[in-house]
Amino acid sequence: MVLAEDLASSQRSISIAEFFEKNKHLLGFDSPTRGIITTIKEAVDNALDACEEAEVLPDIYIEVKRKSGDLFWIMVEDNGPGIMPEQVPFVFGKLLYGSRFHQIRQSRGQQGIGISAAVLYAQLTSGTPAVVTTRTGPATPAHRMEIQIKVATNEPKVLSNKEVPWDRTHGTRVEIEFTSTLSAKKRLIEYLRYTGVVNPHARIRAEIDGETFTSERVSNEVLVCPKAIKPHPYGIELGMLKRMAEGETRPLLEFLTEEFSRVGKKTAEEICAIASLRPAAQVKRLNPDQQRSLLAAMQQVKVPAPPTSQCLSPIGEELMVKGLEAEFRMDFVKARTRPSSVFSGHPFMVEAALGYGGKLPPEGNGQIMRFANRVPLIYQQGACAITQSVAGVNWKAYGIGQQGLPMGPVLILVHVASTNVPFTSESKDAIASIPEIEKEIVLALQDLGRDLKAFISRRDRTKLQEDRARAILAIIPDIARKVSEIVEKPVPDLTVIEGQIMHKVVARKQTTAGRIVLSVHNYTAKDVEVQVYDISTDPALDAVPAPDFVSPLDDTFTRVWQCILPPGEGWEASYTGVGGGSLDLRGISEQMKTVVDLDV
């Protein structure tokens, strides 16, 4: 008895804040290296969710500064709707406090842990409070608060609260200090790039210890915020059903039709009949056996899938392609959005994109980009269902090398959107192996693989045609010059001969005496309207004629000319440079064009 009394005297309850203070690795704060990335990730997720709920295009600014040694100051600012001053302490100073956990809809944050966990980590490592500035509109003042968490009670502690001038009419700014390291700066930049890819409506700017990063928005379309739906009968468990029945005053039939998704009067009557319960029975008076019968009946009756069109917000094929093209240069990129599906009563949708060639690394494993509810998954790639599904596809059948994962210049993007993403842990780094999700990922990738196989086959045929055309265009002029010397006559016009051989629109690029000459000839029988795309490191400021469009990026320049060519006509442009790069024709089918670089 003495031992039992001693044990009893040492037992006490702990708060959720105290638990996570000792188990911070569960939230993604397992090392100083991850601390900065996790903090910025949680703040950016909140900012994007808030902007979408307010239906404004997100403008997010991030700043990371080293204050001294391993002490860093992090600031994330957005143009969202702001937070009511009385709610600020609970949002940032209380774990498991939020508005999205109770709603069945797609959102980046759900548990109400993320940003408050960052505040907890800050006071644990540096002892400094988080500083939050927020404003809800031009008619209201901005409030600046210093907040910490009372670990023993999981309650917020407001150290100061005052009105301050702020140039934003609405938005939120959070400042946090903690000990960390920037050894993973490259991964942080990667996270921001990936966030820009799947959030093409957002503008993200960052100053990271003197280095600038910008991801411009490529779409001005404001996202429609997903709407919450009611729970689905297939996603209910007994404990949840008991909790819903407590205090319920409506009869069973009305309870089923009004509290559950896709349950109409006829379906509710069928559930009651299978469960041997009266439709007029009082829900709160059902005993445990009757509740079990009701749950079993709900699982047996055929109920349509939840209305995913309103509770999910997929990226869309067009925006996925735009987002990837804005960040990566590839020869091929396609996207697929699979039809919505359900696992355990939770609706979900899989989207995938596949890129190939261009400036992707030609050696090593392909690049895998994993996303859940528009949030990049940076860590624990090997433990994720997305990686396992990618490895399960036979990529060799689509012309890609494979050693477990696909090899070579290939980029694979997979996005899982769901009202309840099944993460493997609270840190939300990896998706659990759910057969329904893995099946949809594989089907999407196989569909894209077939498109890639057709592209590679077409590219190989095009390369063979280009080799033949290069031989023709290089040899015929030499033959003509030799023959003209022999017969002592002028060199004839070769366009007629080339046209008889080619029967296509021919574009060529050649360097002559320090001038890059681009030419296009229409050897078809129809008028053609084409765009000439020339990409190289040459600025080409003296181009004649001047291009209609010029875009500089990473020390390379993309020039575009528009031209309309009747049958038999040609077009030419030239500029001073060293050559190299690539030439392409747009606006005409692959079968009707041949592009030749005579310098190669």
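Ala206 in strand β7 (residues 203-208) has Phe213 of strand β8 (residues 211-215) as its bridge partner. Helices (H or I, at least four residues) and strands (E, at least two) are DSSP runs, numbered from the N terminus. This is a predicted model, where local features need pLDDT of at least 70 and side-chain atom pairs count only at pLDDT 80 or more, while totals for chains, interfaces and linings use all residues. Residues are numbered from 1 along each chain as its sequence is written, and side-chain values use heavy atoms, with hydrogens and water left out.

**Around strand β7**
- β7 and β8 run antiparallel and share five bridges; two strands pair if DSSP finds at least two bridges between them.
- Two residues sit between the strands of this hairpin, and Asp209 there has a positive phi near 50°.
- β7 also pairs with strand β1 (residues 59-68), this time in the parallel sense over six bridges.

**Helix α3**
- The 22 residues of α3 (residues 32-53) should span 32 Å at 1.5 Å a residue, and the end C-alpha atoms are 32 Å apart, so the two agree. The expected span is 1.5 Å times one less than the number of residues.
- α3 is mostly covered, with 18 of its 22 residues buried.
- After α3 comes Glu55, with a positive phi near 55°.

**Where α7 meets α10**
- Helix α7 (residues 238-245) packs against helix α10 (residues 288-300) at about 115°, with axes 10 Å apart. Axes are lines fitted to C-alpha atoms, for helices over the stretch in contact, and angles run from 0 to 180 degrees between N-to-C directions.
- From α7, Leu238, Leu241, Lys242 and Ala245 meet Gln291, Arg292, Leu294 and Leu295 of α10; contact means heavy atoms within 4.5 Å.

**The whole chain**
- The chain holds 15 helices and 24 strands.
- Its C-alpha atoms fill a box of roughly 120 × 65 × 55 Å along the principal axes.
- Of its 600 residues, 49% count as buried.
- Among contacts between residues at least 6 apart in sequence, 71% join residues at least 24 apart.

How values were computed: Buried < 20%, exposed > 50% of the residue type's maximum accessible area, 1.4 Å probe, protein only.
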